[in-house]
Each structure stands twice: as C-alpha cells, then as structure tokens.
Amino acid sequence: MLLKSGQKDLLAWRVFENRESMGLAAALYTEGLIRALLTRQETIRMIFAAAPSQNEILKYLVALPNIPWERIEAFHMDEYLSLKADAPQRFGNFLKEAIFDRVPFRKIHLLEAQSLAEAGRVCQVYSDSLRESKIDICCLGIGENGHLAFNDPPVADFHDSQWVKVVPLDETCRRQQVHDGCFASLEAVPTHAITLTIPMLLSAQHMVCVVPAATKSAAISRLLTEESISEANPASILRTHNSAVLFLEQESGKSILEDTTI
C-alpha cells in the first residue's frame, strides 16, 4: 500500500506500508522500464546494488515471469577488497545467490579483485566494459551516511574523472555492514573496496533507489528536507537526475510520513 509520495527537485519518492509492498512496487516499476526500453532496442544494460536493502526488489524481479533476461547485460556496483573469493559477504556472491544465478542474463560482469595489488587492473577492465555502451537502468540503495555504492562522504566526488576506483571505507559505512548482519564485528569489515563512481552511476538513463530500515531514516530525512546538494551527503545528487525514483517503507520514511510540510 502506498502511504505517501512526492518530489524533491527532480527526485520522485514514494513511501509504502512495509518492505514487501516497497519491494514489489520497485520491481514492477523496474519491469516497466525494462519492457519500455526493449521496445526500442535489442538489449539493455543494468547495474545492481548488493545489500540486504535490496532483498525485496531482487526477490520480486526474479519471480516476475515475463522479463526477457537473455536480453539484459548485468553489472554490480562495488566490491570489498581482502575477502576470499568464496566469502559470502562478497557482493558478487550475494548477487549470484539473489539474482545472477537465478535468471538467464545475456552477460554478467563481476568485480573479481581480492587484493589491492590487483585492484588497479580490475578497475580498468571494468571501466572499459562499462564504457562500451550506455547504462540503461541502475538499481541502487543509500547508505546510513548517505553513500551511493561505496562513495562515502570523505571520498565522494560529483565530478570524478574515473568510472571505477579503489576507496577507503569510513567507519560509519563499515559499521553499517555490522548493523546489516553481514559481519560479526567492525574489525571483520574490510577497510577498502572497489566502487563505481558517482558520475558513472548518474550516467544511467534510469535510477531505481530502494531504501528500507529505520537505520536509514536520518539519511532519507537529510535527502528530502535539506536544500543543499553536496558531497557531504552523496545521495543528494539523486535530486539532479531526470529519471530517478526513490522507494521507501514506513521505517525508512518515518520522518517524511511525520512531516506535514512535505
């Protein structure tokens, strides 16, 4: 059930009753984009985020019966460094289990670096693959500190010349991985990762942003109530994109539901 909707600058937002209705709505919206695009072109290219926040949209996307996955090329947007290839926390492994191994994609591109030593080469190869053609749809979330992918406030750059790069992870971002249940302790969370940059993400023709959980409520409040668009709040850049929709549920959208001025 849709509880409230609105727009902040160019960013449309919708608050749903719970995570399930949020995820289903986001999946149906994404399916609509896919179908519309495939009436005009033979294939499309999509980027997917890997996080518990994406569980519902991915579940429903996989379950929708008539998406022609064989016409879709897939990328993911970030990956930890220093984890073993089979570590369940690796985002590539998360996406394999959630969607990549469950539907017949035309092609899947994985960020497979495991160490800083090989990260530079992997960044270049991945960047070259991304630049081969436009990105049609980006499915993403927002971090507790407002990050997009692993573009935390200390390293977010709205004018980055790179499309893929190595970044240090700030403590708020690393603590979020513990809050999400991905790691048992802060010490277990890697300190560096590879990420697609903000200009790369914003180059997508359409952006579908799914953000559940009470731990994201403060970030959503900042996004939709503050006037400034700033690298101190990386998610604020979504308000400049001409086809971005933000899907929330009661807990992540609590402040928005309670604010009668919005």
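Trainee: At what angle do helix 2 and helix 3 pack, and how far apart are their axes?

Mentor: First, the ground rules. This is a predicted model, where local features need pLDDT of at least 70 and side-chain atom pairs count only at pLDDT 80 or more, while totals for chains, interfaces and linings use all residues. Residues are numbered from 1 along each chain as its sequence is written, and side-chain values use heavy atoms, leaving out hydrogens and water. Helices (H or I, at least four residues) and strands (E, at least two) are DSSP runs, numbered from the N terminus. Axes are lines fitted to C-alpha atoms, for helices over the stretch in contact, and angles run from 0 to 180 degrees between N-to-C directions. Here, helix 2 and helix 3 pack at about 40°, and their axes are 9 Å apart.

Trainee: What do we call that arrangement of helix 2 and helix 3?

Mentor: Under 35 degrees is roughly parallel, over 145 roughly antiparallel, 65 to 115 roughly perpendicular, and the rest oblique. Helix 2 and helix 3 are therefore oblique to each other. At their meeting point, N55, L58 and V62 of helix 2 face F94, L95, A98 and I99 of helix 3.

Trainee: Why is helix 3 largely enclosed?

Mentor: Buried means under 20% relative accessible area, exposed over 50%, and partly exposed in between (1.4 Å probe, protein chains only). Eight of the 10 residues of helix 3 (residues 91–100) are buried, so the rest of the structure largely encloses it. Those buried residues are F91, G92, N93, F94, L95, A98, I99 and F100. They pack against several elements, including strand 3 (44–48), strand 4 (72–76) and helix 5 (171–179).

Trainee: Which residues have the most contacts inside the largest nonpolar core?

Mentor: Such a core is a set of buried Ala, Val, Leu, Ile, Met, Phe, Trp, Tyr and Cys residues joined through side-chain atoms within 4.5 Å. The largest one has 48 residues, with F48 and I99 having the most contacts inside it. Helix 1 (residues 19–38) gives the largest share, eight residues. Leaving aside neighbours within four places in sequence, F48 is in contact (heavy atoms within 4.5 Å) with residues including L58, W69, I99 and C139. There is also a second, separate core of 46 residues, with L148, A149, I194 and V211 among them.

Trainee: In what order do the eight strands of the open sheet run?

Mentor: Two strands pair if DSSP finds at least two bridges between them. The order is 1-2-11-10-7-3-4-6, with mixed pairing. Strand 1 (2–8) and strand 6 stand at the edges with a single partner strand each, so one side of each has no neighbour in the sheet. On average, neighbouring strands are turned by 15° against each other, direction ignored. Helix 1 packs on this sheet, and its direction makes about 170° with that of strand 10. Helix 7 packs on the sheet too, at about 140° to the direction of strand 11.

Trainee: Which residues cover the two faces of strand 10?

Mentor: H206, V208 and V210 lie on one side and M207, C209 and V211 on the other, all buried. Strand 10 pairs in the parallel sense with strand 7 (residues 137–140) over four bridges, and five bridges join it to strand 11 (residues 244–249), also running parallel.

Trainee: Is H206 buried or exposed?

Mentor: H206 counts as buried because its relative accessibility is 13%. Its bridge partner is I137. Not counting residues up to four places away in sequence, H206 touches L33, L37, D136, I137, C138, H241 and S243.
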